Amino acid sequence: MPAEIRKTLLHVEKTLIEGGKAAPTPLTMIAAMAVIRNPWAGQGFVEDLGPMIRDCAPGLGILLTEMILEAAGGGDRVEGYGKSAIVGMNGEVEHASALIHTLQFGNHYRNAVGAKSYLSFCNTRGPANAPLMIPLMDKNDGGRRSHYLTIQTSVADAPAADEILIALGASIGGRPHHRIGDRYQDLKELGHDVDNPAAV
């Protein structure tokens, strides 16, 4: 069975002033969310999550990707991206993880925006109105710190105990007054290789 969706939500925020200074280019951040019934609710400990992952994840990936693309005005406009899930208090964090940590969910978004980077993520358990945190990073360059962003929002009545809140996030632009450099400068100063940043 596909995911049983109770409702969807779209969160759009635009930053015009940061640090008391007008942004040369306003930052837009978008979160597309779906509140679904936890497909493993009431089943006790389920050993094999695979069947429900295959049933639910692709449809959710397509739905939320379409919401992001419509709000952003197309995949080419998306610069930063990420994903998140909160499982209700009667579920396992593994349930939240199961639906977003699969290529059957994330590849719809990745392909639609032409991304190379992995999707940054957050997966937690919480009650209704728990903070939804969606970490973002540049869709093509994991070392571009200007696009290390976090969307923070919440849904007043979700997730219920037997629900999961699933979300994709996007940014058009990076932090308005980015001035901490990128990780490549650090690696150069430390004498570390980009392919072995921890020098181990």
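This is a predicted model: local features need pLDDT of at least 70, side-chain atom pairs count only at pLDDT 80 or more; totals for chains, interfaces and linings use all residues.
Helix α3 is followed by glycine 114, whose phi is positive, near 65°. Phe105, Gly106, Tyr109, Arg110 and Val113 of α3 are buried. These residues lie on the same side of α3, because the arc that they cover around the axis is only 110°. Such an arrangement accords with the geometry of helices: an α-helix has 3.6 residues a turn, so residues three or four places apart point the same way. The other side of α3 carries Leu103 and Asn111, which are exposed. The packing partners of the buried residues of α3 are α1, β3, α2 and β7.

One of these buried residues, Tyr109, also stands out in the interior of the model. The largest nonpolar core contains 34 residues, and the members that touch the most others are Tyr109 and Ile166. Two or more residues are given to this core by each of β2 (21-37), α1 (50-72), β3 (80-87), α2 (93-100), α3 (103-113) and β7 (163-172). The greatest contribution comes from α1, which supplies eight residues. In general, nonpolar side chains tend to be buried together in soluble globular proteins. When neighbours within four places in sequence are left aside, the contacts of tyrosine 109 are Thr65, Ile68, Val78, Gly80, Tyr81, Gly82, Leu119, Leu168, Gly169 and Ala170.

Histidine 95 is located in helix α2 and counts as buried, because its relative accessibility is 3%, below the cut-off of 20%. The side chain of histidine 95 makes a polar contact of 3.1 Å with that of asparagine 38. Apart from residues up to four places away in sequence, histidine 95 touches Asn38, Trp40, Leu49, Val87 and Ile164.

The pairing of the strands β1 and β2 was examined next. Strand β1 (residues 5-18) runs antiparallel to β2, and the two are joined by twelve bridges. Isoleucine 17 has alanine 22, in β2, as its bridge partner. The hairpin of β1 and β2 has two residues between the strands, and in this hairpin glycine 19 takes a positive phi near 65°.

Four salt bridges are found in a search of the whole structure. In one of them, the side chains of arginine 6 and aspartate 157 meet at 3.0 Å, N to O. Arginine 6 belongs to strand β1, whereas aspartate 157 belongs to the loop between β6 (149-153) and β7, so the pair ties together parts that are 151 residues apart in sequence. Arginine 6 counts as partly exposed, with 40% relative accessibility, and aspartate 157 is likewise partly exposed, at 35%. Aspartate 157 also forms a salt bridge with lysine 7, in which the closest N and O atoms are 2.9 Å apart. This pair links distant parts of the chain, strand β1 and the loop between β6 and β7, with 150 residues separating lysine 7 from aspartate 157. Lysine 7 is partly exposed, at 26% relative accessibility. A network of salt bridges links Arg6, Lys7, Asp157 and Glu163.

Another salt bridge joins the side chains of arginine 144 and aspartate 138, at 2.7 Å from N to O. The two partners fall into separate accessibility classes: arginine 144 is partly exposed, with a value of 32%, whereas aspartate 138 is buried, with a value of 5%.

Methods
Residues are numbered from 1 along each chain as its sequence is written. Side-chain values use heavy atoms; hydrogens and water are left out. A nonpolar core is a set of buried Ala, Val, Leu, Ile, Met, Phe, Trp, Tyr and Cys residues joined through side-chain atoms within 4.5 Å. Buried means under 20% relative accessible area, exposed over 50%, partly exposed in between (1.4 Å probe, protein chains only). Helices (H or I, at least four residues) and strands (E, at least two) are DSSP runs, numbered from the N terminus. Contact means heavy atoms within 4.5 Å. A polar contact is a pair of N or O atoms within 3.5 Å; within protein, one must be able to donate a hydrogen and the other to accept it, and residues adjacent in sequence count only if both atoms are side-chain atoms. The arc is that of the directions from the helix axis to the C-beta atoms. Two strands pair if DSSP finds at least two bridges between them.
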